[in-house]
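Me: I am new to this structure and would like to go through it step by step. Could you show it first, please?

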Amino acid sequence: MKIVACIKQTFDTEAKIVVGGDGQISDEGVNMIVNPYDEYAVEEAIRTKEKDGGEVVVVTVGGDKAQEALRYCLAMGADRAFLINDPALVGADSRAVSVALAKLLSDKEAGFDVIFTGKEAVDDGAAQVPSQLAARLDLAQANVVTDCEISDGKATATREIDGGSETLELTLPALISAQKGLNEVRYPSLPGIMKAKRKPLEVLSLADLGLSADDVASKVELVVAELPPARKAGQRLTGEVDEVVAKLVQLLQEEAKVI
Amino acid sequence: MSIVVCVEQRDQNLRKITFEALSEGKRLAVASGKTLKALLIGSGVAHLADELKKYGVDEIAVVDNEALAVYTVESYAAVLAAYIVHETPALVLLGHSAIGKELAPRAAAKADCGLVSDCIEVSSADGDYLFKHPIYAGKAIGSFKVAGPTRMATLRPNVFPIEESEGAAGAVVDFAPEIPAAKVTVTGSEMSSGDRPELTEADIICSGGRGLGGSEGFKLIEDLADALGAAVGSSRAAVDAGWREHAAQVGQTGKVVSPNLYVAAGISGAIQHLAGMGSSKFIVGINKDEEANIFNVADYGIEGDLNKVIPALIEKLKEVQ
Amino acid sequence: MEFAYTDEERMMLQMARDFAEKEVKPLAKEVDKEHKYPAATVKKMGELGLMGVSVPVEYEGSGMSNICYAIAIEEISRHCAATGVIMSVNNSLACDPVKIFGTEEQKQKYLADMASGRKLGCLGLTESNAGSDAANLSTTAVLNGDEWIINGRKIFITNGNEADYSVVIAITDKAQGHRGLSAFIVDLDNPGFSVGTVEDKLGIRGSSTAELVFEDCRIPKENLLGEVGKGFKIALTTLDGGRIGIASQALGIARAAIEDAAAYAKERVQFGKPIAKLQAIQWMLADLSTHYEAARLLTHRAAYLKDQGQPFGKEAAMAKLMAAETAMKAATQGIQILGGYGYTTDYPMERYFRDAKITEIYEGTSEIMRLVIATNILK
Ligand SMILES: Cc1cc2nc3c(=O)[nH]c(=O)nc-3n(C[C@H](O)[C@H](O)[C@H](O)COP(=O)(O)OP(=O)(O)OC[C@H]3O[C@@H](n4cnc5c(N)ncnc54)[C@H](O)[C@@H]3O)c2cc1C
Ligand SMILES: Cc1cc2nc3c(=O)[nH]c(=O)nc-3n(C[C@H](O)[C@H](O)[C@H](O)COP(=O)(O)OP(=O)(O)OC[C@H]3O[C@@H](n4cnc5c(N)ncnc54)[C@H](O)[C@@H]3O)c2cc1C
Ligand SMILES: Cc1cc2nc3c(=O)[nH]c(=O)nc-3n(C[C@H](O)[C@H](O)[C@H](O)COP(=O)(O)OP(=O)(O)OC[C@H]3O[C@@H](n4cnc5c(N)ncnc54)[C@H](O)[C@@H]3O)c2cc1C
């Protein structure tokens, strides 16, 4: 089996967000991590390999620093990695990212059986790349998957839908986007970290992929980012429980008008 | 040119988010001088068109085909993309629901449009549109522009007010694109039991955290939710402890919700939790720690033992109802 | 001079921090309160390669640098100093002497077990009359045919209650003084061995501190570690390396105290503003952070020298002295910054305070560190 995991390097979820003078978000001094959902994707990819054999290829579109994220996945147990890095991809939107990924996976690295992604990136929260990539590769897909079983050229996936869950059967090759709960992510072991240093990590430019800057032109532009207005603390209700509760119900009825 | 709302129905029931999207679509259509169209996809769904008319829709395109009886993202996205190519609307709106989240980007790729997900505000000016979308789990708000001719957006549920409007034609037309052979079959589905509303659609949510002390503690939250007609949510600590399933988790790595009322009991108010509920209209915090962070965002904060406060609150609610 | 992490150091940091936050932190309070040896955590640490960080891969270690080792101990100790010392003792005091002085057979047989975490190791040096004066031992080892027969009592031995193997220092020739000491590897399954008193103590309560009792404990002749008469040298070399581990443990405690105190100070409002706005509080935090950074540089430099195969005894002593005193100061002032809350068990600060103290005592007291440093610079 050839198993692909698409990952994105994102801000640590604890990171404080600072908007620079240019109205864009500053990444200065921010600790970068592998998008948490992508860890589930990589874990599932490695487990699939451990069960059925084959290799795990991790791929990201990003800057130089994204190599760290790839090395981390190699330390977890992935076999090879690709970084697609090109000046024309700075500020790339989901379209551009998925075009670049699709080109790599339909050309140089064609022949995969399954692609795992995260269900969304915690920075942009767009949840677009998996579906765009599946569309471009004309793949069956299952999103927000919490349980997945691969055998006999098929994937059986249970996924969250509004108000419940549903089980899908997909013909491989297919794309699965991971939700928390899919598995428990391993820590890279120390020997794994040592081995990761020697595993192949290839950096590709658009030209290496046979793409032009026009091919990956973004359609979506972030005009400006702002910090949301801070939510202010409201009132503290104090006193005996009965009084407090009566006051709350009154406020909910009369001031908030929500009940 | 038109603004198109892609209707969401499940088992021939229209979802609330569709009315929100139609209402917002109508406001934008009026503001930017466009017509409002709805795209209704499914099998045996034509009769739902009547209800859509209430929102001032000029035209309803119905794609009614047995092959579409069961929703799959592949087939629905193929239909939506074909319609976009056929219609070249200025703007396409969907809900940022489980379906909209995947349907929109798959169609966007097929029709080669730019898409902004999870919008909390859309405005029009000078023939263009500006989309506001929270990024970094709500720690910042991005304003995005999309290159035309067709822009797509998914709208966060419970944010856009529902408004009916009259005077539009509401003509029903058929649309019959080619539907690709499915590579996916839906072999089963399971809806969570209970009559409580779905978390992302609920007007009121009662959530519990580690302070409940155990899965039995959630009984209190459920009772409160029932008294309020609310959905039940949870912090991650309570999910990790196995007291609640992950589908109930609110926060950065759970669901993002914006109900009218969010009651957080025994939840400290960690930044990752706030990321999921910070845009609620009103927040009530119940916590025994006077310095709990939840009080920094709560409109109404009650410092006390939830085991005393919640039963009393349920009593009081029963009294006034 | 390079002050940047290598790829492997960065990954180590990230992994150890993650592991400590998710697996070590949630148990720390219970481990302390109930004197509970964190067996499950230690097992996981073994599987991840944390119990033999700088042991070569051929002996089932991780083959990493001592800087990586220092980073890992600090991260674990940031949340639980008891778990930190369990790890430090296995790595530095048990694996290291076998790695440095052991025969190939000993490495295959004992080092691989300990480095992989399948077995736990300890070092039996201290006795009731031999603390700082570590050569003043009474435990004896007598060669009898193919066996050494060990008799005596070791006290205050970390991991003593759980360990499978111990490196033991004993007298083989009383007349030779410290040149009459030798080192042995003892399998603690031995019928001549028993655990005596297990201490009840102020801090690091999840780590056992036990008495090792040897009564006609017979071990194979080939379990002599290094040469006869080299026991004291082996002990001192081992402790030099161990001090990098304890310095790192102290750094973890210091950082915990500083981070928690800073977070608290930003939130605690008195006189209408957060106490972090008060210069009195700011200066405490500024000084502590400076001491912490200085101690960390000393520690990583000692680890670097060890990695390079250069002498590092003086540097390790400086690192341990500075880090231990910083940990103690940070925890003392940490409680001060938290005020009355810091004195209660609602916050872990009082635990940091209790845990910090031991770093000034074991593997050489701060006085002995000064003695080592002075001897080195005055020679
Ligand atoms: C501060 C900021 C500024 C931005 N500015 C712009 C802008 O100006 N214009 C614009 O159009 N967009 C912009 N974006 C959006 C962003 O750059 C792209 O949308 C992004 O690369 C696509 O990822 P996503 O967040 O949509 O991922 P999602 O679609 O939410 O991610 C889902 C999954 O897709 C995979 N995936 C996502 N990204 C990658 C990747 N790079 N490589 C490999 N796999 C991936 C991962 O498996 C991930 O879990 C901005 C985002 C941020 C946070
Ligand atoms: C990458 C990442 C993602 C995360 N994503 C999420 C997420 O999506 N959602 C989420 O919720 N968290 C998330 N977290 C976890 C988050 O940081 C917190 O750990 C979590 O929200 C804490 O849950 P809690 O408030 O229930 O528990 P605690 O923080 O332990 O709070 C329990 C509260 O209950 C109060 N209490 C106790 N007993 C009583 C009583 N009898 N009466 C009244 N009050 C009482 C206490 O005073 C305390 O404030 C994430 C963390 C990380 C690192
Ligand atoms: C929790 C714990 C775990 C331990 N783990 C181990 C272990 O795993 N293996 C092991 O072998 N030992 C272990 N020890 C023993 C530890 O290393 C000794 O306690 C330490 O070396 C000090 O010896 P002592 O307690 O006998 O104090 P003493 O040597 O009696 O010292 C008493 C005081 O006199 C001072 N002093 C002594 N000599 C001098 C001097 N020459 N100049 C100036 N001041 C001096 C000391 O600094 C100290 O202040 C542990 C001890 C504890 C408490």
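Me: How many residues does the contact take from chain B and from chain A?

Reply: The contact takes 90 residues from chain B and 73 residues from chain A, where contact means heavy atoms within 4.5 Å. Please note that this is a predicted model, in which local features need pLDDT of at least 70 and side-chain atom pairs count only at pLDDT 80 or more, while totals for chains, interfaces and linings use all residues; side-chain values use heavy atoms, with hydrogens and water left out. Residues are numbered from 1 along each chain as its sequence is written, and chains are lettered from A and ligands numbered from 1 in the order in which they are written.

Me: What area do chain B and chain A bury between them?

Reply: About 6800 Å² is buried between these two chains, with 53% of it on carbon and sulfur atoms. Buried area is the accessible area (1.4 Å probe) that two parts lose on being put together, summed over both.

Me: Which residues in chain B lose the most area to chain A?

Reply: They are Y136(B), K183(B) and Y300(B), and together they make up 11% of what the chain B side buries.

Me: How many salt bridges are there between chain B and chain A?

Reply: The count is nine, a salt bridge being a side-chain nitrogen of Lys or Arg within 4 Å of a carboxyl oxygen of Asp or Glu. E160(A) forms a salt bridge with K255(B), and the closest N and O atoms are 3.9 Å apart. Between chain B and chain A there are also 37 residue pairs in polar contact, both residues at pLDDT 80 or more. A polar contact is a pair of N or O atoms within 3.5 Å; within protein, one must be able to donate a hydrogen and the other to accept it, and residues adjacent in sequence count only if both atoms are side-chain atoms.

Me: Where does ligand 2 lie?

Reply: Ligand 2 lies between chains A and B. Of the 26 residues around it, R210(B), S235(B), T253(B), S268(B) and N287(B) come nearest; a residue counts as near if one of its heavy atoms lies within 4 Å of the molecule.

Me: Which side chain has an N or O atom 2.7 Å from an oxygen atom of ligand 2?

Reply: That is the side chain of H273(B). From the backbone, a polar atom of G266(B) is 3.1 Å from an oxygen atom of ligand 2, and an N or O atom of G254(B) lies 3.3 Å from an oxygen atom of the ligand.

Me: Changing topic, how is chain B divided?

Reply: Chain B has domain 1 (2-174) and domain 2 (199-320), with bounds that come from an automatic or database domain assignment. The C-alpha centres of the two domains lie 32 Å apart. Nine residues of domain 1 of chain B are in contact with 12 residues of domain 2 of chain B.

Me: What is the area buried between domain 1 of chain B and domain 2 of chain B?

Reply: It is about 810 Å², and carbon and sulfur atoms give 38% of that. Two salt bridges are found across this interface. R15(B) forms a salt bridge with E201(B), with the closest N and O atoms 3.0 Å apart.

Me: And what do chain A and chain C bury between them?

Reply: Chain A and chain C bury about 1500 Å², 66% of it on carbon and sulfur atoms. The contact takes 13 residues from chain A and 20 residues from chain C. Three salt bridges are counted between these chains, and the side chains of D7(C) and R71(A) meet in a salt bridge with an N to O distance of 3.9 Å.
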